[in-house]
Amino acid sequence: MKPIRTLAAAVLVGLSLQTAGAAEIKPLNSIAIEINSSIITYRDIERVVREFKSRPGNKDIPEAQLVQAAKNTLVERALLADAARAQDLKATPAGIDAELERRAAAGKTTVQNIYAQAAALGYTREAYRTEVAKDLLITYMLQNLNSNIKITDEQVQAALNELQAKGQAPTGEPYTVYTIRRVILNAANQQHMPAVGQRIQQIATAIAQGSDFGAVAQRYSQEVQAANQGLHDNITDMMLPENVEAALHQLQPGQITPPLRAGNSWQIVQLIGARTENDPAKMQREAVRRMLVRQAQERNQAQFMAQLQQMAVVREY
């Protein structure tokens, strides 16, 4: 049996958790947990437990562990969603629709089938859309949180030297190197994101109608590479925002992504070409770079969750 892990599996342990004894207080309006301004009901917990049980790998996990994992997950989501709202992040109906379409395409199904699967787990259509909205808010926030991660060649070499001295250096494996062009528009803050989104949609329409991607990038893109028509070479996984990277993986040379929201920016990417890198030294350095990126992401998220825990007040009934 293996435990179910969440972003902060111990989130209930470090919080100001006040548990009422059964003799003191009875569940009120099916409330199971209050966390800041959010309420988690017994029905919410039941739905998440049913979702966990629907996964083949969880069939042998005891009920009590599934219930605790569901509580951890719901508390974590409530903390992160509250933090996202505090940052004035918003998930629009159009954004929710786009995310549902993305999930349907990734699962080779339809949006209606996704709603049907959610209904089988106890979600109404609107309740499920609310959960998708929370997913988007959390994604936007984590993108912001990790947008400042930059791993330099010097950091990679220092880490590699240390690992080699310990006899722990990875061998690496072949990896894909992409050449892309990108148009990126940045927003000063979240209030400006809708207007920037409308602007990049106009740019995407112009490209679809025949405007040259490179010329458009040179004119409108807001990054240093705009001077070279938005060209980026030597792009590998864990360099781009996660959703941009996922969209890039679906492209063939010459194809273009739709406008993608990433942190405080909107981006459009065109794939120019891709090749496989087999050089052993480069594979080793790439493995170390990705290790450092993951470690930086984990540190950022752990520190952020610790801050949320310190400020949270939770009452479990």
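The model is predicted, so local features need pLDDT of at least 70 and side-chain atom pairs count only at pLDDT 80 or more, whereas totals for chains, interfaces and linings use all residues. Residues are numbered from 1 along each chain as its sequence is written, and side-chain values use heavy atoms, with hydrogens and water left out.

The domain assignment gives domain 1 (31–146 + 309–316), domain 2 (151–169 + 278–308) and domain 3 (175–276). These bounds come from an automatic or database domain assignment. The C-alpha centres of domain 2 and domain 3 are 26 Å apart. Nine residues of domain 2 contact six residues of domain 3, where contact means heavy atoms within 4.5 Å. About 700 Å² is buried between domain 2 and domain 3, with 54% of it on carbon and sulfur atoms. Buried area is the accessible area (1.4 Å probe) that two parts lose on being put together, summed over both. N278, R289 and R290 account for 57% of the area that domain 2 buries against domain 3, more than any other three residues.

Three residue pairs, both members at pLDDT 80 or more, are in polar contact between domain 2 and domain 3. A polar contact is a pair of N or O atoms within 3.5 Å; within protein, one must be able to donate a hydrogen and the other to accept it, and residues adjacent in sequence count only if both atoms are side-chain atoms. On the side of domain 2 that touches domain 3, two residues are nonpolar, two polar and five charged. Here Ala, Val, Leu, Ile, Met, Phe, Trp, Tyr, Cys and Pro are nonpolar, Asp, Glu, Lys and Arg are charged, and the others, Gly among them, are polar.

The structure as a whole holds 19 salt bridges. One of them pairs the side chains of E316 and K71 at 2.5 Å, N to O. This pair links distant parts of the chain: E316 lies in strand β8 (residues 313–316) and K71 in helix α3 (residues 63–86), 245 residues apart. Helices (H or I, at least four residues) and strands (E, at least two) are DSSP runs, numbered from the N terminus. Both E316 and K71 are buried. Buried means under 20% relative accessible area, exposed over 50%, and partly exposed in between (1.4 Å probe, protein chains only).

E277 has two salt-bridge partners, R275 and K282. The closest N and O atoms of R275 and E277 are 2.9 Å apart. For E277 and K282 the N to O distance is 4.0 Å. R275 is partly exposed because its relative accessible area is 40%. E277 is buried at 9%. K282 is partly exposed at 45%. Elsewhere, salt bridges with shared partners join R77, E99, R102, R103, E131, K134 and D135 into one network.

Q267 belongs to strand β7 (residues 265–277). Its relative accessibility is 3%, so Q267 counts as buried. The side chains of Q267 and R182 form a polar contact of 3.0 Å. Beyond four places in sequence, the residues in contact with Q267 include V183, I184, I200, T257 and L260.

A247 sits in helix α10 (residues 242–249). A247 is buried because its relative accessible area is 18%. Residues up to four places away aside, A247 touches T257 and L260.
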